[in-house]
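Reader: I would like to go through this model and ask what the terms rest on. Please give the cut-offs as we go.

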Amino acid sequence: MRAKPGDRTKGLLQVGATVFPCALGRGGITVNKREGDGGTPLGPMRLLSGYFRRDHFAAGQTGLAMSAIAPDLGWCEVPDDRNYNRPVKIPYGASHERMKRDDRLYDACIVLDWNIRPRRRGRGSAIFFHLARPGFTPTQGCVAVTAQVMARLLPHLSSRTIMKVVR
């Protein structure tokens, strides 16, 4: 995956010989990822597992462990919290993302291994591979594709899959 020439918030995701458009973070690709900077981290990230909205997206066959998104699923984004960059049950006392979103971005959402093990406070949380907004508007640091592209890719993804973000 690399930035589209001339637009640091849009990318080109290459899978074999096929290239798909994608959205990147509002901060473009960054070497020194920090919480809240909107940057998409440079480097390789393994696909760990995923979530999907059973009422909006059929996950189908995939080599990834996929879980249905429950209404109380959140993701903690507070660096000083003990559950920083981990799933949490909401309501939750610290700031968090709600995974069951009205905008449908997380109807299919794959967790990338950015800042998971080891977790370093303030180095970025909730870096996902998820669905894009119309027009591929920027993410908060994630990589996002259309629902059709995600459905096409899911059967080929596993926990051995690496997403490599390059410049």
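Reader: Which order do the strands have in the open sheet of three strands?

Author: The order is β9-β8-β10, and the pairing is antiparallel. Before we go on: this is a predicted model, in which local features need pLDDT of at least 70 and side-chain atom pairs count only at pLDDT 80 or more, while totals for chains, interfaces and linings use all residues. Residues are numbered from 1 along each chain as its sequence is written, and side-chain values use heavy atoms, with hydrogens and water left out.

Reader: What makes β9 and β10 edge strands?

Author: β9 (87–89) and β10 (96–98) each pair on one side only. Strands are DSSP runs of E with at least two residues, and helices are runs of H or I with at least four, numbered from the N terminus. Two strands pair if DSSP finds at least two bridges between them.

Reader: How do you know that β8 and β10 pair?

Author: Strand β8 (residues 73–76) and β10 have three bridges, in the antiparallel sense. The rule asks for at least two bridges, so they count as paired. In one of these bridges, G74 has R98 of β10 as its partner.

Reader: What makes β2 and β3 a pair?

Author: Strand β2 (residues 7–15) and β3 share six bridges, antiparallel. Q14 stands opposite V19 in β3. The two strands form a hairpin with two residues between them, and G16 in the turn has a positive phi of about 65 degrees.

Reader: Why is G43 called buried?

Author: Buried means under 20% relative accessible area, exposed means over 50%, and partly exposed lies in between (1.4 Å probe, protein chains only). G43 has 14% relative accessibility, so G43 counts as buried. This residue is found in strand β6.

Reader: Which residues does G43 touch, not counting residues up to four places away in sequence?

Author: G43 touches M163, K164 and V165. Contact means heavy atoms within 4.5 Å.

Reader: What makes a set of residues a nonpolar core?

Author: The members are buried Ala, Val, Leu, Ile, Met, Phe, Trp, Tyr and Cys residues, joined through side-chain atoms within 4.5 Å. The largest core here has 29 residues, of which M1, L13, I110, F129 and M150 touch the most other members. Elements that give two or more residues to this core include β6 (43–52), β11 (108–112) and α1 (147–153). A second, separate core has 12 residues, including M99, L105, F128 and C142.

Reader: Which residues does I110 touch?

Author: Leaving out residues up to four places away in sequence, the contacts of I110 include L47, L64, M66, F129 and M150.
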